[in-house]
Amino acid sequence: MSSENLPQSPASALSGASSSGQKPRVAVVFGGRSSEHGVSVVTAGAVLRAIDRSKYDVLPIGITREGRWALTSDDPERMAIADRKVPDVADLAESPEGGVVLPVDPASREVVYNEPGSVPKVLGDVDVVFPVLHGPYGEDGTIQGLLDLSGTPYVGCGVLSSAVGQDKEYMKRIFTSFGLKVGPYLVIRPREWENDQEGARRRIADFVGEQGWPLFIKPARAGSSIGITKIDSFDGLDEAIETARAHDPKVIVEAGLVGREIECGVLEFEDGPRASVPAEIPPVQSHDFYDFEAKYIDSAAGIVPAPLTDEETAEVQRLAVAAFDAVSCEGIVRADFFLTEDGEFVINEINTLPGFTPISMYPRMWQESGVSYPELVDRLLEAALRRSTGLR
């Protein structure tokens, strides 16, 4: 897909967006309380670097691991992975105690900064929020609900689609109801594991009898491959479940699928969602699967575009848009599939806030489709400014 075939973003989309009459002001909100805190900071650095400062004013707001909203440095260079360590909002905050307060009154978009012993400072209005909060307490509909209450436009999916996109169980249930094929799985709920571990083990044993090894034990509501364990016998089962439960008390158990890992990006244009060229994630040497370190530390590269036939490419693009629509998504989604040995695409999951650094798969797929990283950021902001908040 070339850039000539893409609808151009009208300058009028920003007309009147700022209540002050100045450039629209973007609050980039990142970090958060989830296990993906560091990944979120890395993503924020990339977004801050890409935002067109001639069109937008920018206010970076970091949320610490404890949940404090902090005014942070607007310095993307400090938000990169260094010495195999991800960055932290606590190291970027302007003050160890000061806090940012977003408005909850739809009649006001005024942001205030409070610091103990000082008079509150008004930081001005925010016209649109770019939340780059991966995982729970951000990507899962929580901040989307807060912003809807305050009447503040924001980038990406709304409350329902964000919540569904975070919960692998209900995501799969919705896919199935819309006729999309998913792989075999079962769910271990918190009460079951806490009160009847033997019963849970028997269910898993029955599942293995039907599906075989390996199994992937995952937190039901986490991302970036954090907390996932691949097991090939019952010996590691309890440890794998406890590893997943460290991130989410609800655990999903998935059968291993034999096939190629294919990803496809979906982006909402003025005339509706469109799919990017797909990518393939090849087997990663020295890693059992495409885990956190392979994605972010060792920078394992996918193949873009994926070496598929024209028919396969068209089919995975169709299915990616179908998944986007099934969950009522908006703005941005990455859909992940397995292409099985019999030529069938099985959807694994969608990500409503996929990895979003310039080397991440979602931006790379759109780069190959004719949309550069800065243009991608710009399109998402303009779409958010056009969209209403609340029910829509």
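Visitor: What makes Val129 in strand 7 the bridge partner of a residue in strand 1, and how do you know that strand 1 and strand 7 pair?

Guide: Val129 in strand 7 is the bridge partner of Ala27, and two strands pair if DSSP finds at least two bridges between them. Strand 1 and strand 7 (residues 128-132) have five bridges in the parallel sense, so they meet that definition. The strands and helices are themselves DSSP runs, numbered from the N terminus, with at least two residues (E) for a strand and at least four (H or I) for a helix. This is a predicted model, in which local features need pLDDT of at least 70 and side-chain atom pairs count only at pLDDT 80 or more, while totals for chains, interfaces and linings use all residues. Residues are numbered from 1 along each chain as its sequence is written, and side-chain values use heavy atoms, with hydrogens and water left out.

Visitor: How do you know that strand 1 pairs with strand 2?

Guide: Strand 1 and strand 2 (residues 57-63) run parallel and are joined by seven bridges, with Val58 in strand 2 as the bridge partner of Val26.

Visitor: Why is the unit of strand 1, helix 1 and strand 2 called right-handed?

Guide: With the strands pointing away from the viewer, a right-handed crossover is one whose path from the first strand over the helix to the second runs clockwise. The β-α-β unit of strand 1, helix 1 (residues 37-50) and strand 2 is right-handed.

Visitor: Why is strand 1 called largely enclosed?

Guide: Seven of the seven residues of strand 1 (residues 25-31) are buried, so the rest of the structure largely encloses this strand. Buried means under 20% relative accessible area, exposed means over 50%, and partly exposed lies in between, for a 1.4 Å probe and protein chains only.

Visitor: Why is Tyr137 called partly exposed?

Guide: Tyr137 has 43% relative accessibility, so it counts as partly exposed. Tyr137 is in the loop between strand 7 and helix 2 (142-150), and its phi is near 65 degrees, a positive value in a residue other than glycine.

Visitor: What places Ser328 in the class partly exposed?

Guide: With 45% relative accessibility, Ser328 counts as partly exposed. Ser328 also has a positive phi of about 60 degrees although it is not a glycine, and it is found in the loop between helix 9 and strand 15 (332-340).
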